[in-house]
Amino acid sequence: MIKRKSKREIELMHEAGKLLAGVHKELRSFIKPGVTTMEIEKFVERYLEMHGAKGEQKGYQGYEFTTCASVNDEICHGFPRDEKLNNGDIVTIDMVVNLNGALADSAWTHPVGEISEEAEKLLEVTKTSLYKAIEQAKPGNRIGDIGHAIQSYAEGEGYSVVRDFTGHGIGETIHEDPYIPHFGAAGKGARLKEGMVVTIEPMINIGTYANKMDDNNWTARTLDGSLSAQFEHTIAITKEGALILTEQEE
Ligand code: MF3
Ligand code: CO
């Protein structure tokens, strides 16, 4: 069942989203060679606590951390750890913020120091695919229009779109209907309606879209070891189109 949110509910989620966007902005300068993903985890926890919020992922279905930190070939759900990040790495930090009971979800792939041209291009295409999808997220369009926008663009650039993880509705809990694949056919699927709040979170790989699961049963990484990037926003569907609840100011 797809729950639609009131104006007030969307406002509260927007407040959570602005706070989350602020965290990613801070991470831009915090993340550099020599920092560990566990230090990033602690930084985020402190930031949220200082702003009267908390992380919603910790304890969710047994997940033990506030952030997911996925490095290089890790697609998603990487565990924060004590290993230092190296110059040239890319790291996706994903989190769900709970502010006064309202949730927002956003992931961002951050460069570590100077990254290769190849990695730079992957980040750029992945981010652009998210914004192309967001343009499609308006009343009257269908869920397939979102996936189609991502797939046609990313594959056109020579990349692949991860199949096994999708965007999702978000409200009282992190994941609810509808589920939003990042691939698909235009004009297919459920119609988008005013009041829906969903995430769009394409994971794009340089090589194959196939993945394998680590022994921890959480972390997915590319089967061929190629780099993977992800950008995610939480958006509300309004009469005027998509309102991005987790947008970072420049
Ligand atoms: N933020 C993730 C998403 O985009 C949720 C990861 S599951 C968790 O859907 F257990 F880590 F929370
Ligand atoms: Co999400």
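Where does glutamate 201 lie? Glutamate 201 sits in the loop between S9 and S10.

## Basis of the model

This is a predicted model, in which local features need pLDDT of at least 70, side-chain atom pairs count only at pLDDT 80 or more, and totals for chains, interfaces and linings use all residues. Residues are numbered from 1 along each chain as its sequence is written, chains are lettered from A and ligands numbered from 1 in the order in which they are written, and side-chain values use heavy atoms, with hydrogens and water left out.

Helices (H or I, at least four residues) and strands (E, at least two) are DSSP runs, numbered from the N terminus.

## Cobalt site

Four residues coordinate the cobalt ion (ligand 2): Asp105 (OD), His168 (NE2), Glu201 (OE) and Glu232 (OE), at 2.1 to 2.2 Å. Donors are N, O and S atoms within 2.8 Å of the metal (3.2 Å for Na, K and Ca); water is not among the atoms, so sites may look incomplete. Along the chain, the donors of the cobalt ion (ligand 2) are spaced as D-x62-H-x32-E-x30-E. Histidine 168 and glutamate 201 link distant parts of the chain, 33 residues apart. Histidine 168 is in strand S7 (residues 167–169). Glutamate 201 is in the loop between strand S9 (197–200) and strand S10 (203–205).

The site of the cobalt ion (ligand 2) is irregular, with angles of 50 to 158° among its six donor atoms. Four donors count as tetrahedral if all angles lie between 85 and 135 degrees; four count as square planar and six as octahedral if opposite donors are over 155 degrees apart and all others between 65 and 115; anything else is irregular. Ideal angles at a metal are 109.5 degrees for four tetrahedral donors, and 90 or 180 degrees for six octahedral ones.

## Around the donors

Histidine 168 is buried, at a relative accessible area of 1%. Glutamate 201 is buried too, at 7%. Buried means under 20% relative accessible area, exposed over 50%, partly exposed in between (1.4 Å probe, protein chains only).

Not counting residues up to four places away in sequence, glutamate 201 touches Asp105, Thr166, Gly167, His168, His182, Gln230, Phe231 and Glu232. Contact means heavy atoms within 4.5 Å. The C-alpha atoms of glutamate 201 and alanine 137 are separated by 13 Å, at 64 residues apart along the chain.

## Helix packing

Two packed helices are described by the angle between their axes and the distance between the axes. Axes are lines fitted to C-alpha atoms, for helices over the stretch in contact, and angles run from 0 to 180 degrees between N-to-C directions. Helix H1 (residues 7–30) packs on helix H2 (residues 37–50) at about 140°, with axes 11 Å apart. H1 is therefore oblique to H2. Angles under 35 degrees count as roughly parallel, over 145 as roughly antiparallel, 65 to 115 as roughly perpendicular and the rest as oblique. The H1 and H2 crossing is right-handed. A crossing is left-handed if the near helix is turned anticlockwise from the far one by less than a right angle, and right-handed if clockwise. H1 contributes Leu19, Gly22, Val23, Glu26, Leu27 and Phe30 to the contact. H2 contributes Glu39, Ile40, Phe43, Val44, Tyr47 and Leu48.

Helix H3 (residues 117–136) and helix H4 (residues 143–156) pack at about 150°, with axes 8 Å apart. H3 and H4 are therefore roughly antiparallel. H3 passes H4 in a right-handed crossing. Val125, Thr128, Ser129, Lys132, Ala133 and Gln136 in H3 meet Asp145, Ile146, Ala149, Ile150, Tyr153 and Ala154 in H4.

Aspartate 145, in helix H4, is buried at 12% relative accessible area. Beyond neighbours within four places in sequence, aspartate 145 contacts Gln136, Ala185, Ala186, Gly187 and Lys188. Aspartate 145 and phenylalanine 183 are 38 residues apart in sequence and 8.9 Å apart, C-alpha to C-alpha.

Aspartate 73 lies in the loop between S2 and S3. Aspartate 73 counts as buried, at 18% relative accessibility. Its contacts, not counting residues up to four places away in sequence, are Ala220, Arg221, Thr222, Gly225, Ser226, Leu227 and Ser228.

## Backbone notes

Aspartate 177 and proline 178 are joined by a cis peptide bond, with omega about -5°. Proline 178 lies in strand S8 (residues 176–180).

Glutamine 61 is not a glycine, yet has a positive phi of about 50°. Glutamine 61 lies in the loop between strand S1 (54–55) and strand S2 (67–71). Glutamine 61 counts as exposed, at 61% relative accessibility. Asparagine 72 also has a positive phi, near 55°. Asparagine 72 lies in the loop between S2 and strand S3 (74–76).
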